[in-house]
Amino acid sequence: MNLNTCTAHELLDLLKQGKTSVGEIFSSLLTAIKTFDGTVNAYVRTARSTEAAPDAKVPIPVSIKDNINIEGWETTCSSKILKNYIAPYDATVIQKLRSAGIPILGHTNMDEFAFGSSTETSCYGPTRNPWDTSCVPGGSSGGSAAAVAAGEAIWALGSDTGGSIRQPAAFCGVVGLKPTYGRVSRYGLIAFASSLDQIGPLTKDVTDSALLMNIIAGHDTMDSTSAEVPVPDYTRALINDCKGLTIGIPKEYFIEGISTEVKEALEGAISVLKNKGARFIEVSLPHTEYAVSTYYIIAPAEASSNLARFDGVRFGLRVQPQKPRKSAIVDMYEETRDRGFGREAKRRVMLGTYVLSSGYYDAYYLRGQKVRTLIRRDFDTAFEHCDAILTPTTPTTAFKIGEKLNDPVSMYLSDIFTISANLSGIPAMSVPCGFSKSGLPIGFQICAKPFAEEMLFRIAYTYEQNTGWHKERPSLKAGGL
Amino acid sequence: MITNTDLQYISALARMSLAEEELKPMAEDLSSILDYIAQLQKLDVTDIKPTSHVLPLKNVYRDDSIKPSLTQEKALSFAISKAKGAFKVPQIVDN
């Protein structure tokens, strides 16, 4: 049996029965990484050995996106500007994982500073989709999604600012959850857009997602935006039945440009859930078409402010230009940031600085925040009539490497269905629901009211227990490219 | 349309110099993004309050008490350059 392709709950059962050990699990993962990561490039660094306490509750290794601080580990956001930065502390989620006895397996590849939807903007080179290595895994948590799909990880954490957990989950055929804003502490997550960022799990099935959420969710005094809402036992929401639930289908999500295969997979999912008792109604989210524009004002604005701290003063990269231009310190700032940031990071810093600058603030940033209010209200109104909203996660399956890299607007539009959940703060999950004819995974997205993650788990679990998509694994060839 | 003058102004604000060959593609990229987000101008947002964050949080208070935190030594352990217990930077003030 291949331990590395098992789910965490399957491994916990095997451990309980004495049929395997933590050491065996760890070495099966290291073997998989050695065999496949030359091709997939999901990891930027891995642990050499792992020690789990003998009495650990959940000693199943986890992989972590490269923007979450792990004490003593280089943590770089896959950017040149943070190379050689060694985190002096653990993020709150890492402390929580350690308390549960979960060993850390490695840091996974990502778009630089999480700016991207394809994991192509990493300074470590692109990650490849395990289902078709000529395609992107999605992004920005593409390393985490690809590692889980390829059996190079049992489960993983990512971060989601506009779809960065859900879109790669859909492209790689795994389960990805963006929790409610404030549900999981952001302390130690290197900030991209502070009003949108959330950490969440990428897992092989819904049960593992619930298990990981039980560990990472909760209030944290170190993050003043974390919510003081009690954390339920999410595994109790794993109910194989949707009787009495009303699920909304937003008419605005069936746009031109959505692939027929995605649409058919979604219709299949609706019929499975209907058979298990769910009632479907049409709902309206009239401001959907403005979500991407709103996001590309608010997210770069917050990013340009957050990235101001990477200036060569304290740690990471420092470059002094050879010829003096302004003053020694300003020259150092400007040269360090020019050399340290990649093309997409520069685009976002420039765009964010522009929309916040004097004379443009009202026309762009303030207007964007007002449209954000309209998008939130759409969801409030829709949830008066339904318990959850079902949509495609993405308009198409994974695209080819290089296809959208030089066309930012086309790249941004691949997040058209996921962005609204971040703007309105609601929880949303992507669940595998089939494959295209060419063998690429398709996912649906389920959204619920703030702090109603249990609703997502129930609907997703019902779907999963009545289908078999989550058991499919890609067949990767060994070796490099 | 974003001009080179705009780019110079924004990059100075962002403390990020751009090489000569970066200017044209950056102007094109920013212009295409701004063209796309111009669609927001057609919405009527009169009397709509802006959303800066989604949680119903106001001020978050805590006791003003000393808790364990990073030591000076640890905070400086991976500094690019340090002197006398502080981060060292290029000269800021003229002699």
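**Note on a predicted two-chain model**

1. Thr119(A) sits in the loop that runs between strand 3 and helix 4 of chain A. Its phi is positive, about 55°, although Thr119(A) is not a glycine. The model is a predicted one, and this note should be read with that in mind.

2. Ser140(A) also has its place in the loop between strand 3 (104-108) and helix 4 (142-149) of chain A. The peptide bond leading from Gly139(A) to Ser140(A) is cis, and its omega is near 10°.

3. Chain A holds an open sheet of 11 strands with mixed pairing, in the order 1-3-2-4-6-5-10-11-9-7-8. At its edges are strand 1 (43-46) and strand 8 (279-283) of chain A, each of which pairs on one side only. On average, neighbouring strands of the sheet are turned by 25° against each other, direction ignored. As background, the strands of a sheet pair through backbone hydrogen bonds, and they may do so in parallel or antiparallel fashion.

4. How do strand 5 and strand 10 of chain A run, parallel or antiparallel? Strand 5 (residues 175-178) and strand 10 (residues 428-435) of chain A run antiparallel and are joined by 3 bridges. Within this pairing, Gly176(A) of chain A stands opposite Ser430(A) in strand 10.

5. Between the chains, 50 residues of chain B are in contact with 66 residues of chain A. The size of an interface is often given as the accessible area lost when the parts come together. Here about 5,400 Å² is buried between chain B and chain A, and carbon and sulfur atoms give 68% of that area. On the chain B side, Arg15(B), Val54(B) and Ile80(B) lose the most area to chain A, together 12% of what that side buries.

6. Across this interface there are 4 salt bridges. Asp29(B) and Arg347(A) meet through their side chains in a salt bridge, at 2.8 Å from N to O. The count of residue pairs in polar contact between chain B and chain A is 19.

7. Helix 1 (4-13) and helix 2 (20-37) of chain B each supply at least two residues of the side that touches chain A. Helix 2 of chain B gives the largest share of that side, 10 residues. By type, the residues of this side of chain B are 33 nonpolar, 10 polar and 7 charged.

Technical notes. Residues numbered from 1 in each chain as written. Chains lettered and ligands numbered in written order. Predicted model: local features only at pLDDT ≥ 70, side-chain atom pairs only at ≥ 80, totals over all residues. Heavy atoms only, no water. Pairing = 2+ DSSP bridges. Helix = DSSP H or I, 4+ residues; strand = E, 2+ residues; numbered from the N terminus. Axes fitted to C-alpha atoms, helices over the stretch in contact; angles between N-to-C directions. Contact = heavy atoms within 4.5 Å. Buried area = accessible area lost by both parts, 1.4 Å probe. Polar contact = N/O pair within 3.5 Å; in protein donor to acceptor, adjacent residues only side chain to side chain. Nonpolar A, V, L, I, M, F, W, Y, C, P; charged D, E, K, R; others polar.
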